[in-house]
Structures are given as C-alpha cells and as structure tokens.
Amino acid sequence: MRRLVALALAAATLHAAPIRTLILSGQNNHNWRVTTPYLRDLLAESGRFDVRLEEEPAGVTTATLASYDLIVVDYQGPRWGPQSERAVADFVASGKGLVVVHGASYAFSGLDILGPGHVKTGRTEPPWPEWAEMVGGTWASHPPPSFHAPRHQFAVKFTDPAHPILRGMQGGRFQTLDELYHCMRFLSAAHAIATAYDDPTVGGTGKDEPILVTVNFGQGRVFYTALGHEKPGMQEPGFAITFVRGAEWAATGDVTLPPEFPESRAARPVRVQVVTGGHPFNPEFYEIFVHRPDLDVNVTGHPDAYTHDFRKDVDVLVLYDMISEISDEKRANLRGFLEAGRGLVVLHHAIADFGSWPWWTDQVVAGKYLLNDEGGRPASTYKHDEDLYVQTVGSHPITRGIGPLHFSDETYHGMWISPKVTVLLKTGNPLSDGPVAWISPYDQSRVVYIQLGHGRFAHQNPDYQELVHRSILWASGRLQ
C-alpha cells in the first residue's frame with residue numbers, strides 16, 4: 001500500500017543536517033492521537049527532519065528546547081503555564097522555527113476550551129497574547145465570529161507564489177477537501193501566501209480567507225496552515241506538500257524539498273501481489289505493508305488468483321492463503337511466474353497450499369504441512385498462543401541484525417521439511433519442528449518461507465514486519 005504522499009528527496013537534501021523537530025501535542029478538539037503521528041510521519045519520510053513528540057507541553061522548558069530547530073504545534077487545550085510559554089516564545093524569537101496546524105490557532109484565545117469532538121467544556125482562561133502574535137492572528141467570538149464552513153472542496157490560490165514555500169509549485173493553486181476557516185482576526189504582521197474563496201453557498205463569507213500564513217517573530221519564522229482537519233484533510237496532497245515545505249522554511253528560512261510528491265521514493269517500487277483466501281485472518285495483517293514506499297502492493301484472493309499470465313505485472317508473490325487445489329491453467333500461470341525468476345514469499349498457513357502438487361511442495365516451498373496422514377507420516381499438528389523464543393541461524397541479509405525474537409504465535413509440528421533448505425530462524429519450543437523460516441533450494445527463483453504470523457501479535461510486531469519486508473526485497477533481488 002503506497003503512501004499517497006511519499007516524498008522523493010532532492011539531491012541537496014540528502015547531505016543536509018536533519019532538522020531537529022519537536023511536536024507539541026497531547027490535547028485537542030481534533031483527534032490528536034491520529035493526526036500527530038501522521039504529521040510526524042510526513043516530516044520523517046521527507047528525509048529532512050528528525051522528529052520527537054511531547055504530549056505534556058506544560059512541562060517544556062528552555063533546556064528542553066535547546067537542541068531543537070523547530071516546534072510543530074498540534075494542540076488545543078489549557079494554557080501551558082508561564083515557564084513553558086516563555087520557553088516557546090523565546091525559542092522562536094531567538095531565530096528558530098514554529099509551525100501551527102489547523103485548530104491549534106484556536107488555542108489560548110480566551111474562548112471556551114474545546115474538548116474531544118469539539119465539545120465545549122465551559123472552561124475559559126485569559127488569552128496568551130504572544131501566541132496570537134506568533135500565529136499571526138486569533139479566533140474571536142464577537143461578530144463576525146470566527147468559524148468555518150462544512151468540509152468541502154475548494155481551491156487554495158497562491159498570493160505570493162515566489163515565497164520559498166510555494167516556489168516551483170505549478171499552477172498557482174491546488175484543490176483540496178477540507179474545512180475553510182473564516183473571520184479569524186489576523187494581525188498586520190501576518191503575511192498570507194495563499195487564500196481561498198469562502199463560498200456563501202456552503203456557509204462561507206463570500207471573501208478570500210487566509211489559508212497559508214507566514215510571520216516573522218523576533219528573529220524567528222512561523223508558518224501557519226489553516227488546512228488539516230483531521231487525518232483526511234492532512235492526507236490531501238496540497239496540505240502535505242505545503243506542510244513539509246513550510247516546516248523546512250520555518251526552521252531554516254529556505255526550502256530544498258521538492259515542490260511535488262512523486263508516487264514513491266523508490267525509482268521503481270517492487271510490485272507485490274498478496275494472495276489471501278481459505279483461512280480467516282485479522283485485518284492487522286495488512287499493517288505489514290503500510291509505510292513501505294519501496295513496495296507497490298496489491299491484494300487478491302481466490303478464486304481470482306493466477307487466472308492469467310502475470311509475469312510482466314508482478315515481481316514478488318506473497319502467499320497468505322490456504323488453498324488445497326487449483327486448476328491446471330492456474331498451475332501453469334504460477335509455474336511460469338516462478339520459472340521466469342520472479343520471487344515468492346510464503347507466510348504461515350500457506351505452507352498447506354497445493355498439497356497434491358509435488359513440484360510445489362517438494363521443490364518450490366521445500367516444506368509441507370500434512371493435512372492428513374500421508375506415506376506413513378501422521379498429520380501435522382498446530383497449537384495456538386504458544387510462547388516462542390526465536391533465534392537467527394547463520395548470517396543472511398534477511399535476518400542480519402534482527403533477533404532474537406519473542407512471539408505469542410501458532411506452532412506447527414510434524415511437517416515435512418526438506419533437508420536442503422537454508423534455515424534462517426529456529427525455535428526450541430517442543431510443539432514446533434524447530435525451523436520457522438527458511439530459504440528454499442529451488443534454483444529458478446528466490447523463495448522464502450516464514451512459519452510465524454498467525455495473528456495480530458506477530459503482524460504488529462516491528463521485527464516481524466521488517467522480516468517480511470526484507471524477505472520481499474530479497475526475493476525481488478533488491479537485497480543482497
């Protein structure tokens with residue numbers, strides 16, 4: 001699953017020191033538990049920022065901020081107290097950067113402090129005047145009151161296209177779907193680099209309202225974006241590109257990040273086809289493939305898998321299915337794919353696929369879960385929720401630096417495993433056969449089997465996610 005807004009790094013950025021960034025969050029009338037990590041990821045994936053989070057801004061001091069270049073505020077709630085507020089204002093005035101996102105402009109305005117879901121709490125505090133000076137304006141309750149129209153599509157128009165944040169962005173505008181704030185009381189120091197027409201037919205003012213604003217505060221720089229209502233607004237490409245470029249400008253006074261988002265950082269992401277079906281699984285399985293810009297992942301299930309020659313469309317096949325039989329036509333397409341040198345990663349219960357196809361079980365996967373007694377061997381067994389301590393075996397690019405691992409997972413016992421496999425991982429659990437990941441000896445493509453991965457405990461484990469990621473890259477030939 002590709003991130004819509006994955007950044008490609010500009011050559012000049014590759015050698016620049018990372019911008020030390022602190023995001024202040026922890027309370028908001030918006031869902032900060034979702035938006036703050038998303039903002040962090042946008043910054044981190046640009047390759048330009050080293051990002052940390054602080055969920056208790058009231059504890060921030062001058063010493064806390066000393067090593068940072070930039071503060072990003074995704075907060076709306078009670079004031080932080082004299083010490084922390086002084087530390088933030090002095091930080092910006094000293095020549096460093098501040099980015100204020102969407103509803104954080106409402107904070108410290110003297111208005112009713114809003115709780116989660118925009119519920120009024122009935123609590124008010126005196127306003128923090130310096131906050132309004134840094135943001136470039138504030139919300140007001142007296143007529144005309146500050147508010148917004150419902151989320152709708154509108155055009156953000158550049159009023160200062162030569163500004164470093166907007167420089168190089170084509171078209172002089174972009175479309176977005178978001179809230180459009182209106183009637184904020186902006187100060188003379190605020191410089192609107194982009195505005196949007198607030199259409200009265202959807203409850204707007206009929207005026208051009210400031211959307212992207214810059215402010216010089218002391219020796220420092222502030223970028224305020226009124227965009228970004230919840231995660232859907234932040235996923236809009238226009239928000240994402242102006243947010244990361246605005247952050248770089250606030251921290252440094254210049255922008256080196258590219259003015260557009262290519263689809264992936266990878267020059268050509270690995271094309272992955274994930275096949276499911278025949279066995280239930282938790283949706284957390286898909287988290288394995290999230291935030292992987294070097295993978296272009298598609299998912300299909302039976303009976304739609306292998307219905308055509310897919311050698312030109314897919315680089316690596318990842319199986320998380322459990323299907324006992326497929327047609328001769330599908331066998332031919334699957335065999336043609338592997339004999340063309342494409343990669344294969346088999347996960348967990350997919351070891352039970354195609355049990356009556358010796359070429360598949362004996363040569364390709366080099367292992368088999370016996371669903372029934374077979375050739376004098378009893379059927380294989382499984383046990384859920386077993387405590388597994390897993391060790392790496394030897395040295396291989398897939399497992400180098402990973403492990404030891406600890407899982408609560410399903411064990412398999414009594415499988416047939418070819419003596420020719422190269423074992424990558426093993427466990428001493430007596431309800432397991434020992435090897436839990438291996439490289440197949442099949443010499444016409446790269447094949448990996450990983451027995452781990454029954455449920456969410458594994459799927460959400462960073463080591464397991466990295467294990468599968470590396471297996472895909474190795475099977476594609478990208479990891480040596």
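Colleague: How many residues of strand S14 are buried?
Modeller: This is a predicted model, in which local features need pLDDT of at least 70, side-chain atom pairs count only at pLDDT 80 or more, and totals for chains, interfaces and linings use all residues. Residues are numbered from 1 along each chain as its sequence is written, and side-chain values use heavy atoms, with hydrogens and water left out. Strands (E, at least two residues) and helices (H or I, at least four) are DSSP runs numbered from the N terminus, and buried means under 20% relative accessible area, exposed over 50%, partly exposed in between (1.4 Å probe, protein chains only). S14 is mostly covered, and the buried count is six of six.

Colleague: What is the handedness of the β-α-β unit made by S14, H8 and S15?
Modeller: A crossover is right-handed if, with the strands pointing away from the viewer, the path from the first strand over the helix to the second runs clockwise. The unit of S14, H8 and S15 is right-handed.

Colleague: What covers the buried residues of H8?
Modeller: The buried residues of H8 include Lys 330, Leu 334 and Phe 337. Contact means heavy atoms within 4.5 Å. The cover includes strand S14 (316-321), strand S15 (343-347) and helix H9 (358-364).

Colleague: Which strands stand at the edges of the nine-stranded sheet?
Modeller: This open sheet has the order S2-S1-S3-S4-S11-S10-S9-S6-S7, with mixed pairing. An edge strand has a single partner strand, so one of its sides is left without a neighbour in the sheet; here the edge strands are S2 (49-54) and S7 (173-182).

Colleague: What angle does the direction of H7 make with that of S11?
Modeller: S10 (residues 208-217) and S11 (residues 220-225) pair in the antiparallel sense over six bridges. Helix H7 (residues 237-252) packs on the sheet, and S10 and S11 are among the strands that H7 touches. Axes are lines fitted to C-alpha atoms, for helices over the stretch in contact, and angles run from 0 to 180 degrees between N-to-C directions. For H7 and S11 the angle is about 170 degrees.

Colleague: How far apart are the end C-alpha atoms of H7?
Modeller: The expected span of a helix is 1.5 Å times one less than its number of residues. H7 has 16 residues and should therefore span 22 Å, which agrees with an end-to-end distance of 23 Å.

Colleague: Which residue just after H7 takes a positive phi?
Modeller: H7 itself is mostly covered, with 14 of its 16 residues buried. Just beyond H7, a phi of about 85 degrees belongs to Gly 253.

Definitions and conventions:
Pairing = 2+ DSSP bridges.
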